[in-house]
Amino acid sequence: MKKILVTGANGYIGRYVTKTLLENEYEVIAADVHFDNVDSRATYFRDSIFDIKENLYVELGQPDVCIHLAWQDGFVHNAPSHMEKLSQHYRFLKDLGEQGCKNITVMGSMHEIGYWEGAIEAETPCNPLSLYGISKNALRQSLLLMARNNGVSLKWLRAYYILGDDLHNNSIFTKLIQAERDGKKEFPFTSGKNKYDFIDVKELGFQIAAAAVQTDISGIINTCTGQPVSLGEKVEDFIKQNRLNISLKYGAFPDRDYDSPIVYGDNTQITKIINATALHKI
């Protein structure tokens with residue numbers, strides 16, 4: 001049985017990664033500051049991972065694998081905390097790798113890329129346009145160097161447009177639910193023509209777990225569906241499935257110049273991983 005450390009285990013994504021691993025009989029060390037949404041079968045690590053100055057690997061239970069999901073203000077893309085906390089993330093992961101954890105998976109983001117039209121591949125050039133994207137991009141570059149120097153198998157996972165468990169995120173789907181609760185009959189919307197790669201958070205949790213526990217594929221891996229769907233189509237489907245009594249007011253907001261008309265992930269690598277995995281979904 002492998003012992004897996006999951007940081008940010010109580011977060012929007014972390015709770016599903018943790019549950020997937022536990023359901024597949026892995027031992028999980030869940031690190032976070034709160035645990036109200038963490039499966040009770042996990043071992044809770046309640047101290048701040050950034051405050052451990054010595055013997056980090058030993059203090060965290062000598063995990064075979066680390067899945068680093070912890071990140072402050074992930075939904076606020078220009079929050080100063082992204083750059084302010086960057087060195088803490090790097091030091092934590094560098095120390096963990098140097099001290100003995102040789103299989104590390106880190107959550108990246110499509111926002112490392114910046115503006116792009118079409119499929120994002122591992123080799124797609126990065127030109128981030130937010131503090132969130134800039135900090136994630138810098139962390140990836142520094143960790144790839146660290147991994148080469150310390151014999152670490154690094155999996156850098158890029159997520160796209162996440163939905164599901166919509167009361168716990170900050171997406172348009174969350175805002176739709178809130179508008180319905182407020183008794184609104186119309187929801188101001190764009191043209192809805194832009195196409196994105198949407199993935200349910202449970203499926204994302206499964207993909208992250210599957211990528212982390214395998215050792216055949218490393219480097220940049222897109223965790224995605226590989227299928228671009230128009231925002232309007234996805235939102236209309238969400239309204240129908242959730243039986244919301246609200247309609248979209250198309251054209252109330254103009255389409256933003258910096259939003260790509262179509263962007264999605266190349267899912268070649270994650271498909272290979274899923275096809276080879278023995279993990280089952282929750």
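User: Are H7 and H9 roughly parallel or roughly perpendicular to each other?

Analyst: In this predicted model, the axes of helix H7 (residues 201-213) and helix H9 (residues 268-276) cross at roughly 80 degrees and come within 10 Å. Angles of 65 to 115 degrees count as roughly perpendicular. The two helices, H7 and H9, are therefore roughly perpendicular to each other.

User: Which residues in H9 does H7 meet?

Analyst: On the side of H7, the residues involved are Glu-203, Phe-206, Gln-207, Ala-210 and Ala-211. By class, the contact of H7 with H9 has 6 nonpolar, 1 polar and 1 charged residues. The residues in H9 that these meet are Ile-270, Ile-273 and Ile-274.

User: Which strands stand at the edges of the sheet, and why is one side of each left without a neighbour?

Analyst: The sheet is open, with 3 strands in the order E8-E10-E12 and mixed pairing. Each edge strand has a single partner strand, so one side of it is left without a neighbour in the sheet. The strands at the edges are E8 (161-163) and E12 (228-230).

User: Which residue in E12 does Asp-197 stand opposite?

Analyst: Strand E10 (residues 195-200) and E12 run antiparallel and are joined by 3 bridges. Within E12, the residue opposite Asp-197 is Pro-228.

User: Which helix packs on the sheet, touching E8, E10 and E12?

Analyst: Neighbouring strands of the sheet are turned by 55 degrees against each other on average, direction ignored. The helix that packs on this sheet has a direction that makes about 70 degrees with that of E12. This helix spans residues 231-241 and is H8.

Terms used. Residues are numbered from 1 along each chain as its sequence is written. This is a predicted model: local features need pLDDT of at least 70, side-chain atom pairs count only at pLDDT 80 or more; totals for chains, interfaces and linings use all residues. Side-chain values use heavy atoms; hydrogens and water are left out. Two strands pair if DSSP finds at least two bridges between them. Helices (H or I, at least four residues) and strands (E, at least two) are DSSP runs, numbered from the N terminus. Axes are lines fitted to C-alpha atoms, for helices over the stretch in contact, and angles run from 0 to 180 degrees between N-to-C directions. Contact means heavy atoms within 4.5 Å. Angles under 35 degrees count as roughly parallel, over 145 as roughly antiparallel, 65 to 115 as roughly perpendicular and the rest as oblique. Ala, Val, Leu, Ile, Met, Phe, Trp, Tyr, Cys and Pro count as nonpolar, Asp, Glu, Lys and Arg as charged, and the others, Gly among them, as polar.
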